[in-house]
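The notes follow in the order of the look-ups.

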Amino acid sequence: MGLEQIRIVLVEPLYGGNLGSVCRAMANMGLAELRVVNPSTDMNLEDARKMSCHARHVLEGRRLYEDFSSAIADCVFVVGTSGLEGLYRQHAVPPRAVVPELLRFSDAGPVAYVFGREDNGLTNEELAMCHRIVQIPSHAATPSLNLAQAVLLCCYEVFVVGGDYEPPVEKSPFADSASRERMFSIWNDLLLDIGFMKEDKADHMMQGIRRVMARGALTRDDVQIMMGVARQMQWAAKHGDPT
Ligand code: SAH
């Protein structure tokens with residue numbers, strides 16, 4: 001399951017800044033193939049270059065089409081987007097919901113994720129040619145997002161499932177009970193030594209400390225640090241400032 005078959009299609013974009021930002025959003029989310037239908041002749045391509053940043057290759061590699069149907073002609077699945085309610089949009093789904101289907105079809109051939117004009121979105125005829133309509137949940141009073149921001153949110157949802165992102169994993173293993181108990185015993189001694197608690201209240205106070213420490217799962221490294229802190233405090237309490 002890869003992202004290579006996903007084509008981002010922009011229909012009649014007006015602004016170079018948006019075009020460049022779309023390229024950047026695509027590259028951030030592991031996509032590279034941009035199709036542009038009939039862009040504005042006034043488009044400022046210098047803005048596009050500036051906003052594309054490290055995604056210049058996506059911008060330079062964009063393919064131009066004269067009309068929407070030829071831009072999606074080879075695609076086996078087409079997803080349209082709209083920020084507005086209306087005809088063909090009643091069955092719109094949020095971006096996350098369309099991802100499994102989009103990735104499944106991308107095994108079979110190119111799939112298109114289509115975005116509309118900054119001023120007028122996609123026409124009803126264009127939406128009618130899409131298999132699914134995606135609507136990004138947004139505030140009812142201002143439902144329409146910036147074009148590149150809409151592209152980013154949609155591509156992000158695809159990337160989370162289909163991309164090569166590996167969430168960072170904790171490298172230190174979880175501490176076992178024996179090392180946790182060693183840590184608590186050091187803290188017990190420290191807190192008695194510095195007069196934070198008296199012998200008769202120690203069990204009760206240590207229960208509080210245990211509760212705090214149990215809020216997260218401590219790793220071996222965490223336990224080492226907390227033991228080190230306690231030992232140093234004990235040393236400092238006995239010998240004064242080490243500097
Ligand atoms: N008034 C226009 C604004 C278009 S914004 C309209 O919505 O018809 C430009 C493009 O960004 C839209 O065509 C669509 O592709 C995308 N977009 C903006 N807001 C969106 C939203 N809430 N959900 C899905 N796509 C959105």
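This is a predicted model: local features need pLDDT of at least 70, side-chain atom pairs count only at pLDDT 80 or more; totals for chains, interfaces and linings use all residues.

I then looked up its charged partner. Glutamate 12 forms a salt bridge with arginine 117, with 2.9 Å between the closest N and O atoms. Glutamate 12 sits in the loop between strand S1 (6–11) and helix H1 (16–28), and arginine 117 in the loop between strand S5 (111–115) and helix H6 (124–128), so the pair ties together parts 105 residues apart in sequence.

Arginine 117 has a relative accessibility of 14%, and I therefore listed it as buried. I noted a salt bridge between arginine 117 and glutamate 126 as well, at 2.8 Å from N to O. Glutamate 126 is likewise buried.

Next I turned to lysine 238 and aspartate 193, whose side chains meet in a salt bridge at 3.7 Å, N to O. This pair links distant parts of the chain, with lysine 238 in helix H10 (residues 220–239) and aspartate 193 in helix H8, 45 residues apart. Lysine 238 is exposed at 61% relative accessibility, and aspartate 193 is partly exposed at 44%.

Last, I examined serine 172, in the loop between helix H7 (147–162) and helix H8 (177–193). Is serine 172 buried or exposed? I found a relative accessible area of 9%, so serine 172 is buried. Its side chain reaches the backbone nitrogen of aspartate 221 at 3.1 Å.

How values were computed: Residues are numbered from 1 along each chain as its sequence is written. Side-chain values use heavy atoms; hydrogens and water are left out. Helices (H or I, at least four residues) and strands (E, at least two) are DSSP runs, numbered from the N terminus. Buried means under 20% relative accessible area, exposed over 50%, partly exposed in between (1.4 Å probe, protein chains only). A polar contact is a pair of N or O atoms within 3.5 Å; within protein, one must be able to donate a hydrogen and the other to accept it, and residues adjacent in sequence count only if both atoms are side-chain atoms. A salt bridge is a side-chain nitrogen of Lys or Arg within 4 Å of a carboxyl oxygen of Asp or Glu.
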